[in-house]
Amino acid sequence: MKVLVTGGAGFIGSHVVEWLIHKGHSPVVLDNLSSGKRDHLPDSIPIYQIDVASDEVKNVFKEEQPDAVIHMAAQTDITTSILHPEEDIRTNVLGTIQLLSCAKEYNIKQFIFSSSCAVYGDHKGLMNEQTPTSPISVYGVSKLAAETYIKLFYQLFGVPYTIFRYGNVYGPRQDSSGEGGVVAIFIRNMLLKQDPIIYGSGKQTRDFVYVQDVARANEKALTSALNDTFTIGSSQTLSINDLYHLLDGKLPGNYSPVYKPEKDGDIQQCVLDHAKATKYLNWTPSVTMHSGLDETINWMKKTL
Ligand SMILES: NC(=O)c1ccc[n+]([C@@H]2O[C@H](COP(=O)([O-])OP(=O)(O)OC[C@H]3O[C@@H](n4cnc5c(N)ncnc54)[C@H](O)[C@@H]3O)[C@@H](O)[C@H]2O)c1
């Protein structure tokens with residue numbers, strides 16, 4: 001299939017592109033390279049360096065006539081999200097609507113969206129697709145709004161969709177320089193012999209899922225016409241303190257965590273039940289936390 005991957009030069013997007021090539025598909029990337037990098041992609045992959053919310057998106061559909069869309073482009077920076085919430089609306093909501101309009105016009109066979117467990121807000125215990133949504137961050141609100149438009153375009157115009165709500169995705173190529181994922185930031189700190197910062201008590205939990213597992217889920221959805229939502233996580237939980245100790249065991253050094261006040265919009269607990277994805281998409285996470293962390297450490301050692 002020819003697949004338009006928005007945000008394909010980013011962390012998860014570049015792994016999705018790699019996996020699509022591996023499975024014999026033809027990916028084309030749309031990315032404004034605001035955080036993504038051309039280097040993340042093989043030279044052979046066409047890339048349109050444009051904004052997902054711009055009118056130019058229409059030209060890409062006209063030129064490429066994709067069979068499916070994997071929509072991953074998003075404003076994911078927490079500081080921007082708090083200081084300029086309109087940026088989340090523009091990219092994450094208006095950008096999604098722009099793509100949906102094109103998907104409708106060009107009879108796209110599958111529209112796959114990267115949402116987040118941030119749509120749930122704070123919940124105790126295992127969360128699944130039935131858990132009520134109640135986001136407590138600007139980012140979570142924008143993802144939930146995008147999900148709502150996607151379902152509406154299916155109901156009104158029959159645009160087929162799959163929505164994935166990911167836990168905390170980690171792995172090689174994750175940005176560690178600013179506000180990327182906690183795994184990447186801790187590994188970078190430890191390799192550079194810096195004290196990692198933990199916001200809040202460190203007892204907050206996350207569901208970590210390896211990036212290649214997420215890429216596999218996206219490819220599996222390409223040929224499914226389920227028009228449904230799936231939580232994608234490991235169904236296991238780890239606190240930030242535990243993550244620190246796990247990494248400390250792998251990268252022993254003379255550092256200790258520095259505790260700072262918790263950030264606004266930070267959820268306390270996240271553990272996702274992936275049973276529905278297993279049942280309908282035959283997807284289960286295949287990479288253990290230990291080997292996923294080892295892969296990430298090895299990659300980071302080569303790039304720092
Ligand atoms: N990383 C995670 O743990 C996680 C968890 C849940 C959901 N997600 C979602 O998965 C997707 C990919 O996330 P990621 O971690 O790879 O982030 P990322 O920042 O590495 O990738 C996002 C990509 O989108 C591009 N982009 C941003 N704004 C754009 C715009 N206006 N027009 C075109 N391109 C634009 C960026 O250049 C980047 O390449 C996002 O939708 C994100 O919300 C990520």
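Predicted model: local features only at pLDDT ≥ 70, side-chain atom pairs only at ≥ 80, totals over all residues.
**Entry 1: H40**

I placed H40 in the loop that runs between β2 (26–30) and β3 (47–48). Its relative accessibility is 15%, so I logged H40 as buried, the limit being under 20%. I then looked for a partner of the side chain. The side chain of H40 reaches the backbone oxygen of A9, at 2.9 Å.

**Entry 2: T231**

I next looked up T231, which is in strand β11 (residues 228–232). With a relative accessibility of 0%, T231 counts as buried. What does the side chain of T231 have a polar atom close to, at 2.6 Å? I found the backbone oxygen of D273 at that distance.

**Entry 3: the ligand**

I turned to the ligand and listed its surroundings. The shell holds 28 residues, and I noted I12, D31, V52, Y139 and K143 as the closest.

For F11, a backbone N or O atom lies 2.9 Å from an oxygen atom of the ligand. For I12, the corresponding distance from a backbone N or O atom to a ligand oxygen is 2.8 Å. For S34, a polar backbone atom is 3.1 Å from an oxygen atom of the ligand. How much of the ligand does the protein bury? Taken alone the ligand exposes 820 Å², and the protein buries 91% of that.

I also sorted the shell by element and by residue class. At least two shell residues come from each of α1 (11–22), β5, α5 (138–157) and β7. Which element gives the most to the shell? I found that β5 does, with three residues. By class, I counted twelve nonpolar, 13 polar and three charged residues in the shell.

**Entry 4: aromatic pairs**

I searched the whole structure for aromatic pairs and got eight. I looked at the pair of F61 and Y106, whose ring centres are 5.9 Å apart; the planes meet at 35°, so I recorded the pair as tilted. F61 belongs to helix α2 (residues 56–64) and Y106 to the loop between α4 (85–105) and β5 (110–116), so this pair ties together parts 45 residues apart in sequence. Are the two residues buried or partly exposed? F61 has a relative accessibility of 0% and counts as buried, whereas Y106 has 21% and counts as partly exposed.

I then examined Y170 and F208, an edge-to-face pair with 6.3 Å centre to centre and 85° between the planes. Y170 lies in strand β7 (residues 168–170) and F208 in strand β10 (residues 208–210), so the pair ties together parts that are 38 residues apart in sequence. I logged Y170 as buried, with a relative accessible area of 1%. I logged F208 as buried too, with a relative accessible area of 4%.

**Entry 5: the aromatic cluster and F164**

I found that F164, Y166 and F230 form one aromatic cluster. I located F164 in strand β6 (residues 161–166). The relative accessible area of F164 is 0%, so F164 is buried. I also checked a separation that involves F164: G233 is 69 residues away in sequence, while the two C-alpha atoms are 9.9 Å apart in space.

**Entry 6: charges over rings**

I looked for charged ends placed over aromatic rings. F230, one of the cluster residues, has the charged end of K276 over its ring, 5.3 Å from the ring centre. In another such case, the charged end of K104 sits over the ring of F157, 4.1 Å from the centre of that ring.

**Entry 7: positive phi**

Which value does phi of Q65 take? I read a phi near 45° for Q65, a positive value in a residue other than glycine. Q65 is in the loop between α2 and β4 (68–71).

S235 is in the loop between β11 and β12 (238–239). The relative accessibility of S235 is 26%, so I recorded S235 as partly exposed.

Methods
Residues numbered from 1 in each chain as written. Heavy atoms only, no water. Phe/Tyr/Trp six-rings, centres within 6.5 Å; stacked < 30°, edge-to-face > 60°. Helix = DSSP H or I, 4+ residues; strand = E, 2+ residues; numbered from the N terminus. Buried < 20%, exposed > 50% of the residue type's maximum accessible area, 1.4 Å probe, protein only. Lys NZ or Arg CZ within 6 Å of the ring centre and 35° of its normal. Near = heavy atom within 4 Å. Polar contact = N/O pair within 3.5 Å; in protein donor to acceptor, adjacent residues only side chain to side chain. Areas by Shrake-Rupley, 256 points an atom, 1.4 Å probe, with all protein chains shown as cover. Nonpolar A, V, L, I, M, F, W, Y, C, P; charged D, E, K, R; others polar.
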